[in-house]
Amino acid sequence: MLWAARGWFLLCLLPSILRARASPETKPSSPLCQQPPLTNTSPVSPQSPTKVSCKGVGLRKFPKGLGQGIKYLELSNNFIQNLSGSNMPGFGQLEYLDVCSNQLESVSATALAELPRLRSLLLGSNHLDRNYLANGEAFHLLRNIEVLDLSVNSLESHMASWYISNLTSLRVLDLSGNTMTKLLAGTFRNSPRLRQLDLSNNYIMEIQEGAFEPLEELEVLNLALNSLHCISGFSLTQLRVLNLSHNALELFSEEEGEEPYLLRVLDLSHNRLLYFPDLPRAHDLTHLNLSNNLIASLLPGSPHPREFVLPYKEMQRFNRTVRPVAALTHMADLDLSNNRLELFPFSFFHSLGSLHSLSLARNCLQDVARESVTNGTELSVRSLDLHSNALRVLPRWFFDSLPHLESMDLGSNSLQPCESQGSDQGRDLGGDSHTSAPRDTCTPFYNVPRLKHLSLSKNNISRLQPRAFNRTPLLSLDLSGNRDLSMPMGALAGLELSLQELSLRDNQMDEAALPCLGTLRALDLSGNHLSLLPTGLSCSPLESLDVRNNRLQALGTVRSWSHSLRAVAVAGNPWSCCSLGWLDALRAAGAAVPDLRQARCVFQERGRNSSARITDTPRWVCPQPEGTASLALLVALMGLSLLGAWAFCLLRKGRKAPGCAGLESNRVGVSQPHPKGQGPTEERPPDSITKV
């Protein structure tokens, strides 16, 4: 067993099964290669007197004729195989060179000698495992290099050490995505100024004694996606950010001593930790991620599961009676999701006086530790995630102990909301006293003065009690996924002046009664059996409405939202092709209907129901209003009569029948007879003519 020394941490090694990795032919892109793209219109495109990009233009050699004074040169995503001095004249001012994602195998000393001012060299996703001895010798000339990317080059541990063995000015180093299995003791001996080091996505199982000892300025270290099992002498006190996620860690503890740690962010997610890590001197830690581990309890002295035995000598001094969070006074964000916790221990979190965000989602929580809570015990938590547990009841004192709570996710539990106490008014709004749940089997969500966002999705809520959220100023409420949910009129009473977003999705509800929600902006009613919209919606200033997959034939009260509505989702309803006035109203209001092409309507054709896309509505098959057909027949008969009379008059040439007078002016009048041979009498005034 190796012993801890200053500036490095001791690794307790166990045999491990190497992770499956991508084949060498499939190379992930290097993080440092992701520079902002530059616009190219030709294979060699100068963007400015000092900046040139030749990214992805099919180059096989270093470009020539780029001019003098270039400081930034991007050659990534080409087919360059070597950098030689003969191809690189006139680049003495170059400070940044990106040759990522090429086929680079060889870098000559004469080429690098032409780049005395080079500060950043990005060579990720190449083949620098070939010719590494000669290439490493050439790298000794990079005395001023500060940023170096050697990621995804199939480098083994000794190759990586050789490449950086003389880079004394190095500040940022990326060795991720290689094939390193250990960190050798002298790897960073000549790189004391390193501040950021990325060793992620390798096969590292061992860190030799003294490997990190020279790195007194190191602030960010990424060891994620390796095969580390145990860290018991963590002593990099100057680190600010440490990522150890996706390893096989079963133990993490600090080195004994007095010097405080400067660590602010620690990621230990996706490991095999059985206990909360021992961090007595990490006073500045603000973000800790322990998700996806095997932690079964947070209480001192709790035994570990029998199936897990840690065969480490370090466990003999690992006293579980010590409170591991006593010093974490600046902790703001703690993620314990996807572990094996069965109890919510208030006493454990009480010392975390700055804790604002806490996630215990996807655990096995069934209860809260009531016996450990004393009068006046309060948590500073503002956001609490408890979704996907086995909670059945949260008592009143639970909310009283969270006076600053603003957001709460309780989805996928088995919680039933209580009826508000003293809710006689609620019974008048549709509540029934005999259907109210007993107080010891329901959760009081009323009178939580700062709670603004609440999710109760998938809780098997069968009935929402009257005034269930009274005096709780909710802005958003998610009640989706509660099959056959019953919502009487008074269920949401008390939210009329606060609620802005409401989800009743996938409840298979036949009807829903809503009060006049005067601030409601977004409503999701999709996945139900509604044939009519809920009453009370006309007074809500809706901006977004989702009614997909219901039984609606028409959409009423659209005009009441004409000044506010922005988007409506309508597909999956049996709309009536002959009652689409609501769609015209939506279009007139400028509301978007993004799924209109998927929406269909129903019409009668030859006595059978048929459907068509709403965009291709066959409105001509719709029945005419009552009385319209009779009027049309009458007009047709009158027209035929007039045509017959006109034809009769034409056949009587020169002989005007008394009934033919005045037809020229489309008026029917009465003509007085006159003696034979005399002219017609004077025309009668118009008021004596009868119009038809």
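Me: What makes Cys 516 partly exposed?

Reply: Its relative accessible area is 41%. Buried means under 20%, exposed over 50%, and partly exposed in between, using a 1.4 Å probe and protein chains only. So 41% makes Cys 516 partly exposed. Keep in mind that this is a predicted model, where local features need pLDDT of at least 70, side-chain atom pairs count only at pLDDT 80 or more, and totals for chains, interfaces and linings use all residues. Residues are numbered from 1 along each chain as its sequence is written, and side-chain values use heavy atoms, with hydrogens and water left out.

Me: How do you know that a disulfide joins Cys 516 to Cys 539?

Reply: The S to S distance is 2.0 Å, and a disulfide is a pair of cysteine sulfur atoms within 2.5 Å. So this pair counts as one. Cys 539 is partly exposed too, with a relative accessible area of 30%.

Me: How many disulfides does that rule give?

Reply: The count comes to three. Another one joins Cys 418 and Cys 442, with sulfur atoms 1.9 Å apart.

Me: Why is the disulfide of Cys 418 and Cys 442 called right-handed?

Reply: Because the torsion about its S-S bond is about 100°.

Me: Are Cys 418 and Cys 442 buried or exposed?

Reply: Cys 418 counts as buried at 2% relative accessibility, and Cys 442 is buried as well, at 1%.

Me: What about the disulfide between Cys 577 and Cys 601, and why is it called right-handed?

Reply: The S to S distance is 2.0 Å, and the torsion about the S-S bond is about 90°, so this disulfide is right-handed. Cys 577 is buried, and so is Cys 601.

Me: Why is the pair of Phe 276 and Phe 348 called edge-to-face?

Reply: Rings of Phe, Tyr and Trp (its six-membered ring) pair if their centres lie within 6.5 Å; planes under 30 degrees apart count as stacked, over 60 as edge-to-face and the rest as tilted. Here the centres are 5.1 Å apart and the planes sit at 70°, so the pair is edge-to-face.

Me: And what makes Phe 344 and Phe 346 tilted?

Reply: Their centres are 5.1 Å apart, with 45° between the planes.
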